[in-house]
Amino acid sequence: LIILITFFACDIFNDDNEQLEQDCELINSQNIENCESDNSNYNYCLTDINPNSCTYGEDIGKSIFSNQVTVHYFGHQYWGTCTARVGQLNTLYTNLKSDGIDNVKIIAIGKEQYIGDNSNWTEGNSIPVVVDLSPNILWTTWGASQWDVFFLDSSGEYITGFNIEDWDYNKVYNQIMGILHE
């Protein structure tokens, strides 16, 4: 009985890894272009530090996610609520992928001051995580505060943003779906 359970658990793990590999291949073949950090609104070029992400080690920003709705979350890597929001956004992203919606990307943006706590955001999550270097010009340029999310359409244009200190899955999900159906 123990051996059967072990094989079953390993099979589930392998299926999850195969799905992740297929998702990464699709994302990398369709979307990875040269990251461009220019003076246009809401653009940046920072390295994805999440080893569980399909874009790990790549320089990412809105320019590489052409034709995708992007959600950009700003938080502090050490803060419990911020860490919880990254996990909740990761769950939302996973649910979207499970529903066949693969033209949405959620990115978590932390601060260099809290780089020692990056594992709070990367462990167990697959969304890209980037770190804004001090003096946090990205945060300043976007006018971001802790727990803010910004929604950009598939053309990279700003649609809306709001604070998610109080988590509301449906509010974030409905905003994404509204942008997808515009």
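**Exercise 1. Classify Tyr78 by its accessible area, then find its ring partner.**

Step 1. Tyr78 has a relative accessible area of 37%. Buried means under 20%, exposed over 50%, and partly exposed in between (1.4 Å probe, protein chains only). Tyr78 is therefore partly exposed.

This is a predicted model: local features need pLDDT of at least 70, side-chain atom pairs count only at pLDDT 80 or more, and totals for chains, interfaces and linings use all residues. Residues are numbered from 1 along each chain as its sequence is written, and side-chain values use heavy atoms, with hydrogens and water left out.

Step 2. Tyr114 has 22% relative accessibility, so Tyr114 also counts as partly exposed.

Step 3. Rings of Phe, Tyr and Trp (its six-membered ring) pair if their centres lie within 6.5 Å; planes under 30 degrees apart count as stacked, over 60 as edge-to-face and the rest as tilted. Tyr78 and Tyr114 form a tilted pair, 4.6 Å centre to centre with 50° between the planes.

Step 4. Tyr78 lies in the loop between E3 and H2, and Tyr114 in the loop between strand E4 (104-111) and helix H3 (119-122), so the pair ties together parts 36 residues apart in sequence. Helices (H or I, at least four residues) and strands (E, at least two) are DSSP runs, numbered from the N terminus.

**Exercise 2. Describe how E6 and E7 pair.**

Step 1. Two strands pair if DSSP finds at least two bridges between them. E6 (residues 148-152) and E7 (residues 158-163) have five, in the antiparallel sense.

Step 2. Asp148 has Asn163 in E7 as its bridge partner.

Step 3. The hairpin has five residues between the strands, and Gly156 there takes a positive phi near 85°.
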